[in-house]
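Dear colleague,

Please find below the structure that I am handing over to you. My notes on what was found in it follow directly after.

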Amino acid sequence: MGFFLIALPVIAVLLFMLFKNSIIQHTISLLTSSLLIIIAVYLTTDVMVLGSAHHTALGGIFYIDALSIIVLDIVILIGFMASIYSVSYMETEIKHGKIDRGRLRLYYILMYAFMFTMILALTVKNMGIMWIAIEATTLASAFLVGFYNDKYSLEAAWKYVLICSVGIAIALLGIIFLHLSSIGVLENNQFLDWIALYNNAESLKSPIVKLAFIFILIGFGTKAGLAPMHTWLPDAHSQAPSPISALLSGVLLNSAMYGIIRTVAVVNRNLGSSIYTGRLLIALGILSILTAAIFILTQKDYKRLLAYSSIEHMGIIAVAMGVFTPLSVFGALLHMINHSLTKAMLFLASGNILQKYNTKQISEIKAILKLLPISGTVFLLGLFAIAGTPPFSVFASELSIMVSLFTAKKFVVGGALALLLAIIFAGIAVTLFKMFYGNNQEEELQPGETNKAGTIVIVVLFLVISISGLFIPDELKNLITQAQNIIIGA
Amino acid sequence: MSSFFDSLSILILLSSFILMANKMSKSYIKTFRFQSFLIALAAGIMGIKTITEEGRFDVLVVCLLIIILKVIWIPNILSKAYAKAEYKVEKDFILNIPILILVCCTLVVFTYFSLATIEGINDGMINVQVVNSVSVILIGLFFMISRRKAIGQIIGFLVIENGLFVTAMFSTQGMPFIVDIGIFVDMITAVMVLGIMVFKINEKFESINIDKLSNLKG
């Protein structure tokens with residue numbers, strides 16, 4: 001069953017190459033993403049019952065445990081939402097003459113190649129192959145970022161490929177050092193195997209492991225959008241088509257963060273404490289949140305603002321991983337889920353706004369609530385949610401991270417985090433809320449939603465984040481606790 | 001044997017110095033070809049050693065792949081892309097060459113002192129091979145910063161990749177085979193993606209000067 005998870009996107013890519021008719025292409029896309037959901041549900045129950053899922057194919061490199069299934073479920077869920085949203089979104093883009101019909105095929109091929117690389121990164125236990133898959137995510141999504149082929153999107157795509165490839169090359173150096181530290185400890189066929197590394201963590205050579213961690217943190221941190229390596233992120237997120245922005249922000253950043261979390265688990269076990277990794281992660285995390293706060297306050301483009309908000313939330317996750325108590329790791333994983341769903345919803349809603357107003361400038365947009373009654377309302381409430389207002393889910397996870405900071409007696413970090421979150425809330429309020437009121441000067445804009453199916457997706461996501469802020473199902477709680485035990489090693 | 005690898009690693013480091021001193025985009029490609037050839041030589045000798053000692057063929061396969069990809073295929077398509085895109089001769093580097101070379105020397109010294117303090121890499125004496133190959137990575141990174149044209153950045157990226165490969169080879173006798181193959185697949189794709197992008201940038205901006213890419217800020 002797990003094998004189909006990897007095979008399905010590949011089959012989809014091959015089918016897209018065969019069929020030129022766009023109705024068939026939309027159908028293939030919807031079918032594939034629904035099948036992926038079914039497989040994901042099956043695998044999740046598997047992991048919940050058995051603890052992990054092994055597969056014997058290709059020398060047993062496939063391995064899924066509670067930590068990977070959480071990130072994997074986010075990938076597949078947001079992929080499904082994006083595929084529904086894409087149908088009408090891309091048709092509208094074709095109608096407006098932004099792209100021609102032939103490029104729809106390229107879009108789907110690249111989108112499913114992108115999905116494939118992310119799924120691969122999350123289902124292997126070999127750190128080397130995980131690196132290969134994460135590097136491949138950049139290559140698969142490069143042309144999606146540069147999809148509109150104009151000056152702006154090409155610039156964003158070039159920056160994206162170059163900065164991320166170099167960053168990830170540095171992560172490879174870290175993985176080489178990790179490999180070096182395990183020579184003499186592991187058998188030949190266990191090299192770079194995460195489980196073997198983790199089980200034998202105490203006997204790895206600590207000085208090299210420390211060196212490896214710095215390189216891996218910088219490398220995967222580039223991909224996860226941690227400051228000061230974040231410069232590609234606002235460009236890529238703002239220039240990509242909106243469903244792709246949702247995938248980039250909600251999914252890609254998590255996959256890179258997943259690589260960091262796996263390494264942190266090994267390194268902390270090797271060193272016997274979390275002080276070393278904790279200092280680095282908290283420093284980078286706070287720096288990311290600070291950078292995001294400054295740029296959010298002065299932002300003029302709403303998609304870029306959402307991108308900076310992603311940097312902020314990746315920073316929060318990094319800080320929580322740095323604290324490394326059971327509560328903070330729980331908060332980090334929960335925050336990963338909540339941020340992904342909320343941010344995907346906001347990016348999809350911003351796609352509706354972009355297609356209605358045809359501009360990304362905040363100052364040129366007025367009266368969203370009149371013109372787009374449903375997605376406008378959801379966008380407004382979503383902004384409250386992402387800024388951390390109760391009763392939404394982001395508030396719940398931010399609160400647990402905050403509590404964990406103070407119970408770990410990290411008062412300075414906790415205070416700084418609270419202050420910066422307040423500044424970001426104010427920044428979002430000051431810059432974005434003027435979009436919702438006033439009257440639109442241009443008479444030709446008609447009120448009403450264009451992307452019906454997409455709007456339903458947005459509303460469903462909104463309901464999910466509202467309900468999960470008040471109540472987390474026991475199954476999810478158990479799954480996160482399982483993942484937390486894997487990381488901390490209880 | 002180890003003194004032979006020592007001298008090869010020094011030659012590889014030297015080739016990245018030569019790259020830094022190059023003025024023309026065309027000679028970047030030639031120097032890259034030369035450096036890849038040196039790496040293929042090192043991999044070939046190591047491959048023969050592993051066959052006779054352990055009976056493994058994988059390092060020799062990797063050597064063959066380096067010759068096909070890095071010595072022949074990638075330099076060829078880069079020369080083609082360059083011939084299409086380059087019709088104006090522009091000054092490419094930001095600082096002048098003596099300063100660039102001095103910075104490179106500093107990078108090597110920096111690597112030497114930072115790796116000298118780490119136990120586990122050095123068994124009693126400092127491992128010159130690892131110091132040299134990590135320096136190649138840093139010089140590749142600096143090369144990317146110091147050039148303005150897209151082609152310089154691609155070559156810089158490939159030199160980083162070369163440095164990573166030699167680091168892996170000298171420090172760990174090569175990564176697991178499946179990982180090596182995967183890295184090659186990624187590299188081929190990366191070169192193709194970057195090549196197509198250079199072509200598109202040249203079309204839209206009428207130049208491959210990266211300075212022109214400055215619309216997105218803030």
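A:P391 sits in the loop that runs between α16 (373–386) and α17 (393–407) of chain A. The peptide bond that joins A:P390 to A:P391 is cis, with omega at about 10°. Please bear in mind throughout that this is a predicted model.

A cis peptide bond also joins A:A227 and A:P228, and here omega is about 0°. A:P228 belongs to the loop between α9 (206–224) and α10 (232–239) of chain A. These bonds are noted because most peptide bonds are trans, just as most residues other than glycine have a negative phi.

The backbone angle phi deserves a remark as well. At A:F324, a residue other than glycine, phi is positive, near 60°. A:F324 is placed in the loop between α13 (302–323) and α14 (326–357) of chain A. Is A:F324 buried or exposed? A:F324 is buried, because 23 other C-beta atoms lie within 10 Å, and the cut-off for a buried residue is 20 or more.

A:N358, again not a glycine, likewise has a positive phi near 60°. The loop that holds A:N358 lies between α14 and α15 (368–371) of chain A. A:N358 is exposed, since 11 other C-beta atoms are found within 10 Å and a residue counts as exposed at 12 or fewer.

Another loop residue of chain A is A:E202, located between α8 (194–199) and α9. With 11 other C-beta atoms within 10 Å, A:E202 is therefore exposed. Which residues does A:E202 contact, leaving aside its neighbours within four places in sequence? They are A:R269 and A:N270. By contrast, A:L139 is 63 residues from A:E202 along the chain, and the C-alpha atoms of the two are separated by 36 Å.

Helix α1 (residues 2–18) and helix α2 (residues 22–50) of chain A have axes that come within 10 Å and cross at roughly 175°. Because of that angle, α1(A) is roughly antiparallel to α2(A). On the side of α1(A), the contact is made by A:G2, A:F4, A:L5, A:L8, A:P9, A:A12, A:L15 and A:F16. On the side of α2(A), A:Q25, A:I28, A:T32, A:L35, A:L36, A:I39 and A:L43 take part. Sorted by class, this contact of α1(A) with α2(A) comprises 12 nonpolar and three polar residues, with no charged ones.

Within α1(A), the buried residues are A:L5, A:L8, A:P9, A:A12, A:V13 and A:F16. These buried residues pack against α2 and also against α5 (102–123) of chain A. A kink of about 30° is found in α1(A) at A:L8, shortly before the proline A:P9. How does the span of α1(A) compare with the 24 Å that its 17 residues should cover at 1.5 Å a residue? The end C-alpha atoms of α1(A) are 25 Å apart, so the two values agree.

In helix α2 of chain A one also finds A:D46. A:D46 is partly exposed, because 16 other C-beta atoms lie within 10 Å. Although 18 residues separate A:D46 from A:I64 in sequence, their C-alpha atoms are 9.7 Å apart in space.

The contact between the chains takes 35 residues from chain A and 36 residues from chain B. On the side of chain B that touches chain A, α5 (128–146), α6 (150–172) and α7 (177–205) of chain B each supply at least two residues. The largest share of that side, 14 residues, comes from α7(B). By class, the side of chain B that touches chain A has 22 nonpolar, nine polar and five charged residues.

The axes of α6(B) and α7(B) are 10 Å apart, and the packing angle is about 170°. This angle makes α6(B) roughly antiparallel to α7(B). The residues in contact are B:A150, B:I151, B:I154 and B:E161 of α6(B), together with B:M187, B:L194, B:V198 and B:I201 of α7(B). The contact of α6(B) with α7(B) divides into seven nonpolar residues, one charged residue and no polar ones.

With kind regards

Notes:
Residues are numbered from 1 along each chain as its sequence is written. Chains are lettered from A and ligands numbered from 1 in the order in which they are written. This is a predicted model: local features need pLDDT of at least 70, side-chain atom pairs count only at pLDDT 80 or more; totals for chains, interfaces and linings use all residues. Axes are lines fitted to C-alpha atoms, for helices over the stretch in contact, and angles run from 0 to 180 degrees between N-to-C directions. Helices (H or I, at least four residues) and strands (E, at least two) are DSSP runs, numbered from the N terminus. Angles under 35 degrees count as roughly parallel, over 145 as roughly antiparallel, 65 to 115 as roughly perpendicular and the rest as oblique. Two residues are in contact if their C-beta atoms, placed from the backbone, lie within 7 Å. Ala, Val, Leu, Ile, Met, Phe, Trp, Tyr, Cys and Pro count as nonpolar, Asp, Glu, Lys and Arg as charged, and the others, Gly among them, as polar. The expected span of a helix is 1.5 Å times one less than its number of residues. The bend at a residue is the angle between axes fitted to the seven residues ending there and the seven starting there.
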